[in-house]
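Hi everyone, thanks for coming. I'd like to walk you through one structure today, a few pieces at a time. Here it is on the screen.

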Amino acid sequence: MIRILIVDDEKPICDLIDLHLCAAGYHCTAVQDGIEALRQLDENRFDLILLDVMLPGVDGYDIMEYVRPIGIPVIFITAKDQVRDRVKGLRLGADDYLIKPFEMVELAARVEAVLRRYHKTDSILTAGDVVVDVDGRKVTKSGRLVELTNKEFGLLVLFIRNKNVALFRETLYEQVWQGEYTADSRTLDLHVQRLRKKLGWERLLAAVYKVGYRLEVPE
């Protein structure tokens, strides 16, 4: 299982990220200060670090200096939005730089992208009796192969990686179609309807009023 270290001095943010990424199948450890982060890095193995800049004890830039020789990928998550701050973080060796506030679905997408670059992604996803082989682009339900289009497959991966989270229509469209969502477009709805029918998810893949859709899977 992919292990992620979350380092942020705001506990509510740590808890929210932890909840969301754990639901996506990652194992997370959250700490609120730099010294504890260094202790965790000394004692445990991690595949990715989500790192705030402004931390008590030891700041994120110093932790980045410590981590760089180890080779663990790092995504900075910070309110420091000046260009010079982003440039400094990236020059220190960070793989990405995400400015607060951000949507959890965007964080999850960036986490997946960085892990994919390091060949550390979990290639098998599950939701009930549905199993998705991401690398092989194969989907089975109760052991039976389910044929999906590319867009249906993209939606399915996004829903499973964000179980029990309401995803905005705009986010779903932009992530899968790689374009700007238009309010009068029925494309997304038609693809979701077909996905429901093919997987028997008429009840699980729920519409969320004035938001979008949510895959409701019991924990």
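Let's begin where two helices meet: R169, L172, Y173 and W177 in α7 are in contact with T187, L188, D189 and H191 in α8, contact being heavy atoms within 4.5 Å. Four of the residues in this contact are nonpolar, two are polar and two are charged. For that count, Ala, Val, Leu, Ile, Met, Phe, Trp, Tyr, Cys and Pro are nonpolar, Asp, Glu, Lys and Arg are charged, and the others, Gly among them, are polar.

Before going on, a word on the source: this is a predicted model, where local features need pLDDT of at least 70 and side-chain atom pairs count only at pLDDT 80 or more, while totals for chains, interfaces and linings use all residues. Residues are numbered from 1 along each chain as its sequence is written, and side-chain values use heavy atoms, leaving out hydrogens and water.

At what angle do α7 and α8 pack? Helix α7 (residues 169-177) and α8 pack at about 85 degrees, with axes 10 Å apart. The axes are lines fitted to C-alpha atoms, for helices over the stretch in contact, and angles run from 0 to 180 degrees between N-to-C directions. So α7 is roughly perpendicular to α8; angles from 65 to 115 degrees get that name, under 35 is roughly parallel, over 145 roughly antiparallel, and the rest oblique. Helices here are DSSP runs of H or I with at least four residues, strands are runs of E with at least two, and both are numbered from the N terminus.

Now the sheet. Three strands form an open sheet in the order β10-β12-β11, with antiparallel pairing. Because β10 (167-168) and β11 (205-208) each have a single partner strand, they stand at the edges, and one side of each has no neighbour in the sheet. Pairing takes at least two DSSP bridges between two strands; β11 and β12 (residues 212-215) have four. In one of them, A206 is partnered with R214 in β12. Helix α8 (residues 187-199) comes back here: α8 packs on the sheet and touches β11 and β12.

Last stop, T78, in strand β4 (residues 74-78). Is T78 buried or exposed? T78 has 0% relative accessibility, so T78 counts as buried; the cut-offs are under 20% relative accessible area for buried and over 50% for exposed, with partly exposed in between (1.4 Å probe, protein chains only). Beyond four places in sequence, T78 is in contact with residues including D52, Y97 and K100.
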